[in-house]
Amino acid sequence: MAGPQSISLVLLIPLLLPLGPNRCAVAQRCPQACVCDNPRRHVACRHQNLTEVPTAIPELTQRLDLQGNVLQEIPPAAFRDLPHLTHLDLRHCQVGLVAEGAFRGLGRLLLLNLASNRLRALPQEALDGLGSLQRLELAGNLLEELRPGTFGALGAVTTLNLAHNALVYLPAMAFQGLVRARWLQLSHNALSVLAPEALAGLPALRRLSLHHNELQALPGAALSQARGLACLELGHNPFTYMGEEDELALPGLRELRLDHGALQALDARAFARCPRLHTLDLRGNQLDALPPLQGPGQLRRLRLQGNPLWCGCRARPLLEWLARARVRSDGACWGPRRLRGEALDALRPSDLRCTRPGAEEEEEAEELKPARPRAPDGAPGEEAGAAEPCPRTCVCVPESRHSSCEGRGLQAVPRGFPNDTQLLDLRRNRFPVVPQAAFPGLGRLVSLHLQHCGLTELEAGALAGLDSLVYLYLSDNRLSGLSAAALEGAPRLGYLYLERNRFVRVPGAALLALPSLFSLHLQDNALDHLAPGDLAGGRALRWLYLSGNRLARVSPGALGPAPELEKLHLDRNRLGEVPTEALEGLPALLELQLSGNPLRALRDGAFRPVGRSLQHLFLNSSGLEQISPGAFSGLGPQLRSLHLQKNQLQTLPALPGLSELELVDLSGNPFHCDCQLLPLHKWLAGLNLRVGATCATPPSARGQRVKAAAAVFEACPGRAARKAKRTPAPRPGAPGDPHEGKTAESKQGWPRGGGGKALPCLRRPSTVGINFFTQEKAKLKAKQVPSPQKLFSQNLTLKGQEHRGQ
C-alpha cells in the first residue's frame, strides 16, 4: 500500500509536467497592463497609454489587441518574439511612422489593423515579411501618396482598405504585388487623377470603391485595367459627363454606382463595353434626359431617383427602350407640371402627348422659364432648398453643393451663392474681366468653370479666399497673360486649364503662386519657344500639356524646374528633332507625346535621358523616314507602348532591348520587305503582339504582314544561317562521324554531348557538338553578313530584288 509521501508525489506530477519552456511562458507571462486569455491565446492591452509594445507577451499569442495606446512609432522587428500572431490590432495608437521591417517575423499574420492613426507615408519595406496577410486596414490615416512597390510583398492580401485618407493621385502600378486582392477601398479621399496603369497588376479584383473623391472625369483607361471588376462604386464624384470616349471597358462588370454626383449628360454608348452590366445607379444627379443605352444587354435595374427628369417628347425613346429591354426604373418625372411626380415605369409613350402639333415647342418654352430650375411648388427638395441663397438667374442644388449659371448671358460675375458650394459653373457668359475678390464666401469651392466667357484679364486678387480650389477652367477665352497676383488666394490649385487662349509664352511668373499645381493645360495656344525659366514655379508639376502650339524649340534646362514631371505632351508642334538635351533632369517621366511633329529622323540616344523611367512613347504621324539603330538605346524593359504608326518608314532596326512591350503600332508605314528588314522580321516573330506592319514593296510582297512573311526573307543570309544552325549534329560514335574521339574542355564549364544533352557531372565533357557548331560559326563569319548598323549607315535599298548570300 502506498504511503502518504508516494501519494503526494503522484499528485504533484501533473503540476510539474506543463512547466516546459513554452507551457511555462503561457502559464506565467502576461504584461501588467494587459489581459491574457491563455486558452484562446488572446492578449488585450487596450487604452493603457503604452508608448511601446510590451515585452512580456506570451510567445504563443495569436491575437494581440493594442488599440487606443500612444505608440507613435513601430520600430523594426517590433513583434519578433510573437511568431504565432494571426491578428494584430493597432488602431488609434497615434502611429506616425512604421519603420522598414517593422513586421518581419510575422509570417502567419492574417489581419493587420493600422486604421485611425497618423501615417502620412509608408516606407517601401514597411510591410515586408507579411506573406500570409489577407486583410490590411489603413483607413483613417493621413496618407497623401502611395509609392509603387509598397504592397509588393503582400501576395495573399484579399482586402485593402485605404478609405478616409488624403490621397490625391494614384501612380502607375500603385498596387503591384496584390495579385489576390478582391476588394480595394479608396473612398473618402481627394483623388482627382488615376494614372492609366494605376490599377494594373490586380487580376483578382472584383470590387473597387472610389466614391466620395474629387474625380472630375471618369478615369476609364485606368479602371479598364481591372478587367475582372464586378462592382464599381463611383458615387459622390463631381464629373458632369460620361461618354464612349471615356473608354470604360469592363467585360465582367455587374453593378455600377454613379449616385449623387454631378452628371448632367450621359452618352448612349457610355457603357457599350460593359456587356454584362446588370444594375446602374444614377440617383441624385442632374440628369433631365437619358438616351436609350446601347451595349449593356443584361441591364435590368436603372436607378434614377432624385434627377430632374423632363418627361417631354424627348423622353419617348427612353420609355420605349425601358419597356423593350425590360429594365426596371425607379425614377419620377420632374416636369412638365401635368406629369410631375409620375413614376417613369408607369408612363406610356402616349402620355407624353407628342402627337399634337406644337406640343413639343410648348414644352420647350416651359422648360426655358426661369421658374423651372428653382423647383416649383410641390417639387421634391423645395423645402430643403428654399432658404438657401442663390443668384436670381442661377440654379443652386443643395444636395450636390453645385451651382450653375451656364449660358445665361451674364455680363458680370454674380454673387450670393451658398457658402458650401463646391462646384460653380459660369460657362458661356459674357464678362471679359474677373474682378478682385469676385467669389466672396466660397472658401469651400473645389471646381470653378469659366470657359467661353470672352475673358481677357483676371485682376489681382481675383481668386482671393478660394482656399479649397483645386480645379480652375479658363479654356476657350482670350487670355494672353496671367499674373501671380491674379492667382494668389488659391494655394491648393492643382489643375489649371488654359487651352485655346492667346498665350505666346508659358505664364511662368503666375505659376509661382501655385505651389500645389499638378497639371497645366496650354494646348492650342501660340507658344513658339519653351525657354529656361518658363516653368520656374512648376516644382510640383506632374502633367504638362503643350499640344497644338507652334513650338519649334525646347531649350536645354527649360523643363528642369519640374523634376517630378510624369507626362509631357508636345504633339502637333513644329519640332524638327527630339529635344534630347531638354529631357535631362526628368527622372520620373512616364509618358512622352511627340506625334505630329516634322521629325523625319531619330538619332542615336534620342531618349537616353529618360530611358530608366519612360513607359509610353508616341511618335506617330511625325514624317519619320529613318530611325538610327541606336535611337532607342537606353530605353529598357519598362517601356510598355511604342507608337510609330502613320510615318514614312521603309525600314526599321530590330529593338531587342524593349522586351516588355505590351503595344507596338507600326501600321501605315510603307515598309520595303527585303533582307535589310530581316532583323525586324525576326524580332517581330518573337513578339506575341499585333503590330500592324505590312509590306508596301516589292510588288510581290505588297500587303503581306512583315511579321508573317517568312517566304519573303527565306533566301536572306541571316535566315540561311539560322537554318544551318538547326541542322542536327552527328552523334558521337556514330558510323562515319568525322569528329569521333575528339574532346576538349567546355568553355562554359558545362559538360554537353554532341546532341546538346547534359552529361553526368563526373564524366569528361565531350565537345563534338561544340566543335561542329564552332566550324559552322566560322563558315557564317566568312560570309560577312552586314550588320543592321552597317546597312543603316550605307542606306542600302535593294528594291525589286532578292538579296542573296554572298
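**Figure 1. A network of salt bridges links Arg-207, Glu-233, Glu-255 and Arg-257.** A salt bridge is taken here as a side-chain nitrogen of Lys or Arg lying within 4 Å of a carboxyl oxygen of Asp or Glu, and by this rule the count comes to 23 salt bridges. The model is a predicted one, in which local features need pLDDT of at least 70 and side-chain atom pairs count only at pLDDT 80 or more, whereas totals for chains, interfaces and linings use all residues. Residues are numbered from 1 along each chain as its sequence is written, and side-chain values use heavy atoms, with hydrogens and water left out.

**Figure 2. Asp-65 and Arg-46 meet in a salt bridge through their side chains.** The N to O distance of this pair is 3.1 Å. Asp-65 belongs to strand E3 (residues 63-65), while Arg-46 sits in the loop between strand E2 (42-44) and E3, and the pair thus links distant parts of the chain that are 19 residues apart. Helices (H or I, at least four residues) and strands (E, at least two) are DSSP runs and are numbered from the N terminus. Relative accessible area, computed with a 1.4 Å probe on protein chains only, is called buried when under 20%, exposed when over 50%, and partly exposed in between. On this scale Asp-65 counts as buried, at 16% relative accessibility, whereas Arg-46 counts as partly exposed, at 41%.

**Figure 3. Two further salt bridges are shown, one between Asp-89 and Arg-91 and one between Arg-572 and Asp-571.** In the Asp-89 and Arg-91 pair the side chains meet with an N to O distance of 2.6 Å; Asp-89 is buried, with a relative accessible area of 12%, and Arg-91 is partly exposed, with a value of 27%. In the pair of Arg-572 and Asp-571, the closest N and O atoms are 3.9 Å apart. Here Arg-572 is partly exposed, at 42% relative accessible area, while Asp-571 is buried, at 10%.

**Figure 4. A disulfide joins Cys-30 to Cys-36.** A disulfide is defined as a pair of cysteine sulfur atoms within 2.5 Å, and the count under this rule comes to 7 disulfides. The S to S distance between Cys-30 and Cys-36 is 2.0 Å, and the link is right-handed, with 95° about the S-S bond. Cys-30 is partly exposed, its relative accessible area being 32%.

**Figure 5. Cys-390 and Cys-396 form a disulfide, as do Cys-394 and Cys-405.** The sulfur atoms of Cys-390 and Cys-396 are 2.0 Å apart, and their link is right-handed, with 80° about the S-S bond; Cys-390 counts as buried, at 16% relative accessibility. For Cys-394 and Cys-405 the sulfur atoms are 1.9 Å apart, and the link of this pair is likewise right-handed, with 110° about the S-S bond. Cys-394 lies in the loop between helix H6 (382-385) and strand E23 (395-397), and Cys-405 lies in the loop between strand E24 (402-404) and strand E25 (423-425), so the pair ties together parts that are 11 residues apart in sequence. Cys-394 is buried, with a relative accessible area of 2%, and Cys-405 is buried as well, with a relative accessible area of 0%.

**Figure 6. The peptide bond from Thr-697 to Pro-698 is cis.** Its omega is near -5°, and Pro-698 is placed in the loop between strand E43 (695-697) and helix H10 (717-726). As background to this view and the next, most peptide bonds are trans, and most residues other than glycine have a negative phi.

**Figure 7. Asp-524 and Lys-646 each have a positive phi although neither residue is a glycine.** The phi of Asp-524 is about 55°, and this residue is found in the loop between strand E31 (519-521) and strand E32 (529-530), where Asp-524 counts as partly exposed, at 28% relative accessibility. The phi of Lys-646 is near 60°, and Lys-646 is found in the loop between strand E40 (641-643) and strand E41 (663-665). At 59% relative accessibility, Lys-646 counts as exposed.
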